[in-house]
Every structure is written in structure tokens, then in C-alpha cells.
Amino acid sequence: MGSVSRGRRRKTRRRTPGGYVRFLQLVTAGTLAPTAVAVFRLAAPLGALVGALAAAATATAVLAPIGARVRFGFQDERRARSSSTLAVLFDLLWMTSMLAPVTTLLAAVGLAVAHRLSLGAACEVGVAGAALVAGYGVLVRRRWVRRRRVELEIPGLPAAFDGYRIVHLSDLHVGSIDRREEALAWSHAANALDADLAVITGDILTTGTAYHDDAADAVGALRAKDGVFACLGNHDYYGEEELCAKLARRGARVLRNEGVAITRGRETLWLAGIEDVWRGAPDLRAALRGRPEGAPIVLLAHNPDFFPRAREAGVSLTLSGHTHAGQLAVPFLVSRATLSHFVTRWPAGLFRDGAASIFVHAGLGTTGPAIRLGAAPEVVEIVLKATPSGRGRPTASGRGHRSER
Ligand SMILES: [Fe+2]
């Protein structure tokens, strides 16, 4: 390991849910019709009034707790073991009602094709289907971590680093929903890859300080030959100095506008990390200070929107997270059809622009509803490959073309 330089840091304000709850309630209310119709039809044999009351009660059970659920997600100030189970169960109901319009439409098409179209029956089948899909997303897919290997040619990579392996984790969100035990399992899965380097690209926590020790235990369990490094994400700025100190005591170093030299003989790879774009003051110039001339740069930057600035500065590979791949995506098309497309040009996976590349990790934990569909949590092994002279230099520019292996 080589020299380290520190850059400017900035204290930041906490965010609160605010009008976000009302927005979610409005959107959810717009999806409730199929669920209300299905519940009414199920209860109607007991009388129309009972059916109407059951439908109203279901709508209330979906809409009313949204405020409490959002506050629960934002307030990991104290440990909340029992209410986390309640929160996940609520998410199951919430996501069922939100998915129901899509599954009801599919059911209606299916019934129409079979010449048995009944909108009431379509609502019943649709809501049952939505419950199955939501159950899969909340209880199965969210916890079903995939291992992924990405090989990437780095222009100018010294031969000594050809085949260098980085295990990449991101967005653990250790807290009341994604607990210490799950995070430890992710670290053990990463350790099984026996990588040269382990990195975490931010959002180690969701909010608050109550889970600092759990996060430090999980990150501290990571092992790699050249060490464990992280950058901070927008969710980590709650007592972040204390968090970084706890991580350091367990052998993991947070790079805050600073970098380290990783050496193989006389060759150097510069690993840099910056503060978060939203909550900190990223200073790439500081993070590159002390870098030997010509050493290729791997940058840990939580938010992929930093990629154009990294590319301009000559960063070979930017590792990011932040998007969670939208948590909801069309299966097998996660880099093209995901909710995170609405917030960034680099929603998930590998992108290249000229000689620069960015890999956006889909994350391991969740924020918002505890669900993942089509956007699997992942442990990623990134293998750096030297570029043979005369070939392999990416030529795409502008928006960048996608290249996943
Ligand atoms: Fe995150």
C-alpha cells in the first residue's frame, strides 16, 4: 500500500420523508381498484354491505400504514426487531395491491382469449397472481443473492495486474430490514471468491447510528489479499466519522477523497474513493493526489452520475452502486428496463464510454419496500484484464454502449 492524501469534507443535513408519504399514498390509491373489487367479491356472499366494508378495510390497511412504514425505513435510530417483521408483512400487502393492476390486465387478456371474460373474475385472478409475485419478490428474490463475474479490459493495465480480481459489494443497508446476519452471509459469500481486493461502494447503512456495530461486524468479516476498502453513500452520513472509525478498527478503510497505491512489484494500481455526490463534497483531484504517473485508476464512487467527471479525469474504471437496479426491473433486461432508468443514465451493470468503464452494482439490501423483482442482489467478481496492444480499446462515446459478459 502506498501514499494517502485527504481532501475536503463537509457536514450534511438529514433528509426527512416529508411529502414523499402523501405521494406514495396517492400512487398506491390509484392501484387499489382490482384489490378492492376482488375483496368485495370474496366477501359479497355475506352481503353487499359486508363486501363493501371488507373492501374499505383492505384499502385502509394498505394506505394508512404507509406513513409509519416510510418513517420506519428512515429511522434506524433505535433497534426494532419485532416491527421489522411487521414492516416486511406490510410490504407484502402493499406490493400486492400495487402489482395487481398489471396482473389483472394480464388475467383479463387471458380470460378474453378463452372467451370467458369477466372483469370481476379477472380481478380475483389478478390479485392472487400479484400476491404470488409480491411474495416471491419480498420473501425469495430479495434474499436470493447471485454471484456474478465481469471481465473487463483496462487500457494501460500493467501486465502484473492482468487477472486481478476485485470482489464488489454495495448498498448493504444494514439496519432493521437488512440485518447483521444477512450482511455477514454476504461477506462470507464474497470471501469464498478469495479475491485480491474487496470494495464496498457505499450505503453500508440506511439511517441512524443504531446499526453501526452490526455494519462494522459485517464489513469487518470481509477478507481480501490487498485489503477491504469502501466509499460512503448518501445513506451513510449519520455519525459518519464514528462509522469510519469502527470500520477501520475492523480492518476496513473508507476512502474519503483519498487514494491508495496497490502494488505488484514495480507496477501500481491506484484505488481512489470519493465522498458522496448528494451528501458530501466529492474531490477527485484530492483522491488522485500522490498517484504515480500513468498508474491506472479504479474509483469508488457511490453515485454513478459521477462517471462523466471520472472519465474526464482519466479514471479507467468507476465502481458505483446507489441505484439498486431499481429493485423492480424486467427480468434479464435489468440494464435496459428498470425503475432506476428514471433517475440515471447508468442504472445497473457495465457501461463503457471511450477508454473509461463504469460498473454499477445492483446492491444487496433494499430501501423503500423490501422487494426485489428482476433486480437480483449480487456479489460481483470483477476481473481486470490487460489490453493486448493494438486491440480491445473501446471506441464508443457519448451515452456509452453497454457491454456485459
Ligand atoms: Fe442504496
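**Entry 1. Helices H8 and H9**

I began with the packing of helix H8 (residues 212-220) against H9 in this predicted model. Their axes come within 9 Å and cross at roughly 35°. I noted the crossing of H8 and H9 as right-handed. I recorded both quantities because two packed helices are described by the angle between their axes and the distance between the axes.

Which residues of H8 meet H9? I found His212, Asp213, Ala216 and Val219 on the H8 side. Their counterparts in H9 are Glu242, Leu243, Lys246 and Leu247.

**Entry 2. From H9 to the sheet**

I then followed H9, which covers residues 240-249. This helix lies across strands S4 and S5, and runs at about 150° to S5.

I next traced the sheet to which S4 and S5 belong. Six strands make up this open sheet, in the order S1-S12-S2-S3-S4-S5, with mixed pairing. Which strands lie at its edges? They are S1 (146-154) and S5 (252-254), each of which pairs on one side only. From one strand to the next I read an average twist of 25°.

**Entry 3. The S3-S4 pair**

Within the sheet I examined strand S3 (residues 197-201) beside strand S4 (residues 228-231). Is their pairing parallel or antiparallel? S3 and S4 pair in the parallel sense, over four bridges.

**Entry 4. Helix H3**

I checked the length of helix H3, which has 16 residues (residues 48-63). At 1.5 Å a residue, H3 should span 22 Å, and its end C-alpha atoms are 22 Å apart, so expectation and model agree.

I then asked which residues of H3 are buried. They are Ala55, Thr58 and Val62. Seen down the axis of H3, these buried residues fall within an arc of 60°, and therefore line one face of the helix. I set beside this the general rule that an α-helix has 3.6 residues a turn, so residues three or four places apart point the same way. On the face of H3 turned away from the buried side I found the exposed residues Leu49, Ala57 and Thr60.

**Entry 5. The whole protein**

The protein has 11 helices and 13 strands. Of its 405 residues, 47% count as buried. I also looked up the contacts between residues at least 6 apart in sequence, and 76% of these join residues at least 24 apart.

Note on methods: Residues numbered from 1 in each chain as written. Predicted model: local features only at pLDDT ≥ 70, side-chain atom pairs only at ≥ 80, totals over all residues. Helix = DSSP H or I, 4+ residues; strand = E, 2+ residues; numbered from the N terminus. Expected span 1.5 Å × (residues − 1). Buried ≥ 20, exposed ≤ 12 C-beta atoms within 10 Å, placed from the backbone. Arc of directions from axis to C-beta. Contact = placed C-beta atoms within 7 Å. Pairing = 2+ DSSP bridges. Axes fitted to C-alpha atoms, helices over the stretch in contact; angles between N-to-C directions. Left-handed = near helix turned anticlockwise from the far one by under 90°.
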